[in-house]
Amino acid sequence: MKNFLLSFLIILAAFAAGRYLFPAEAASPPAMLNVVSPQPVLNVGGPGERVEPGDVTLASTPEEERTIRLFEEASPAVCFITTKAIRRSFWSYGEVESGSGSGFLWDRQGHVITNFHVINGANTSSIAVTLSNGKTYKARVVGFEREKDLAVLKIDAPASELQPIRVGSSQNIRVGQSVYAIGNPFGLDQTLTTGVVSALDREIRSQAGVPIKGAIQTDAAINPGNSGGPLLNSSGELIGVNTSIYSPSGASAGIGFSIPVDVVRYVVNDVIRYGEVRRPVLGADLRQYGRIKGLIFVTVDPGGGAQAAGLQGLSRDARGSLVLGDVLVAINDNPIRTTSDLYLELEKYKPGQVVTLTIIRGDREGKVDVRLGSSVDG
């Protein structure tokens, strides 16, 4: 036991002497780490491509940039149109909102183009046009062409607030090319939808029941409220006016139709100048009747081209029975079987031109030249 205690004391003394003779160096404080937060890196191009903060809005494809620019340049020309109609009841009488649609500025004189069915039935003194800047102006009806479902309005706004649409052509449109529709579907203003031309030369019927030939079919979403808005090509040029959709539910089903801009141009120019379209006319009332292959001349207008050519309408014999007059079967050798055929054929000509009619009188067929008149007197 004594030996154990002696050994313990010797070890303890040696440890104390060591601490005294060889003091430990003070421990250095741990070095501080210089931590730098990394900058965000957005991979918008190749891997690791850096985008500076604030440049995120530029992170789009060239196609997106073109679409953005197209919308920004064309949308100031697009208008929102609201109409009111007079409602009468046993208890009340007044104006209520009857509908809305789209339109666009045609020139700096304040002419606005839309569909006829957008304003049809409205109180003509209560049509309002709201521009892209939010300002609203009362509009008056300059004129319309029911057969083409087009109407021209006029607003009195400063020229500085009027940015007309850029007008293109519908001559060289091809199936598959990109198209853009701007309008106000369901009252949601300045809405852009995109798609392609799905088909060309479609025949649709106007609000008047008259065929519109050469309509553009597109899958760009067109909904109620888009009517009257522009259909644009990838250059931002007007190529058509959106007018109708094919849909079992009433909403867009990917089949919309637009009136070609070349038709719009001649209609609008005539309406602005004359208040209506200078359509070529034969100067007679023609109708389909029974199984007759062609159109019968019902009446012949005094002083018109048909009367000058000696054409005859219906008459009555001594006993009061109707006697058939002339029957139109062709114009310039193009068969005419229906009133639609007649409308579409006359669209090829202008007032003052001479066309050759093939007619049947009794049991004989013959040809006669007729100078086309105008739907606008003078």
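Biologist: How many helices and strands are there in the chain?

Modeller: This is a predicted model, in which local features need pLDDT of at least 70, side-chain atom pairs count only at pLDDT 80 or more, and totals for chains, interfaces and linings use all residues. Residues are numbered from 1 along each chain as its sequence is written, and side-chain values use heavy atoms, with hydrogens and water left out. Helices (H or I, at least four residues) and strands (E, at least two) are DSSP runs, numbered from the N terminus. The chain holds 6 helices and 22 strands.

Biologist: What is the mean pLDDT of the chain?

Modeller: pLDDT is the predictor's confidence in each residue, from 0 to 100. Over residues 25-48 it stays under 50, and where pLDDT is low, the predicted coordinates should not be read in detail. In the chain, 76% of residues reach 70 or more, and the mean pLDDT is 81.

Biologist: What percentage of the 378 residues count as buried?

Modeller: Buried means under 20% relative accessible area, exposed over 50%, and partly exposed in between (1.4 Å probe, protein chains only). By that cut-off, the buried share of the 378 residues is 39%.

Biologist: Is Thr243 buried or exposed?

Modeller: Thr243 belongs to strand β11, residues 238-245. Because its relative accessibility is 6%, Thr243 counts as buried.

Biologist: Which side chain makes a polar contact with the side chain of Thr243?

Modeller: Contact means heavy atoms within 4.5 Å. Beyond four places in sequence, Thr243 has contacts that include Asn115, His117, Asp149 and Phe257. A polar contact is a pair of N or O atoms within 3.5 Å; within protein, one must be able to donate a hydrogen and the other to accept it, and residues adjacent in sequence count only if both atoms are side-chain atoms. At 2.8 Å, the polar partner of the Thr243 side chain is the side chain of Asp149.

Biologist: What is the phi of Asp149?

Modeller: Asp149 sits in the loop between β5 (136-145) and β6 (150-155), and with a relative accessible area of 3% it is buried. Most residues other than glycine have a negative phi. Asp149 has a positive value although it is a residue other than glycine, with phi near 55 degrees.

Biologist: Is Asp201 buried or exposed?

Modeller: Asp201 is in strand β8, and it has a positive phi of about 60 degrees although it is not a glycine. Its relative accessibility is 64%, so Asp201 counts as exposed.

Biologist: Which residue has the backbone oxygen that the side chain of Arg316 reaches?

Modeller: Arg316 lies in strand β16, residues 315-316. With a relative accessible area of 58%, Arg316 is exposed. Its side chain reaches, at 2.6 Å, the backbone oxygen of Gly320.

Biologist: Which element gives the largest share of the lining of the largest pocket?

Modeller: On a 1 Å grid over the protein atoms alone, a pocket is an open set of points where a 1.4 Å probe fits, with protein on both sides within 12 Å along at least five of seven lines; lining residues have an atom within 4 Å of a point. The largest pocket is lined by 44 residues, and among those nearest its centre are Tyr266 and Tyr343. Elements giving two or more residues to this lining include β8 (191-205), α4 (261-274) and α6 (339-346). The largest share, 7 residues, comes from α6.
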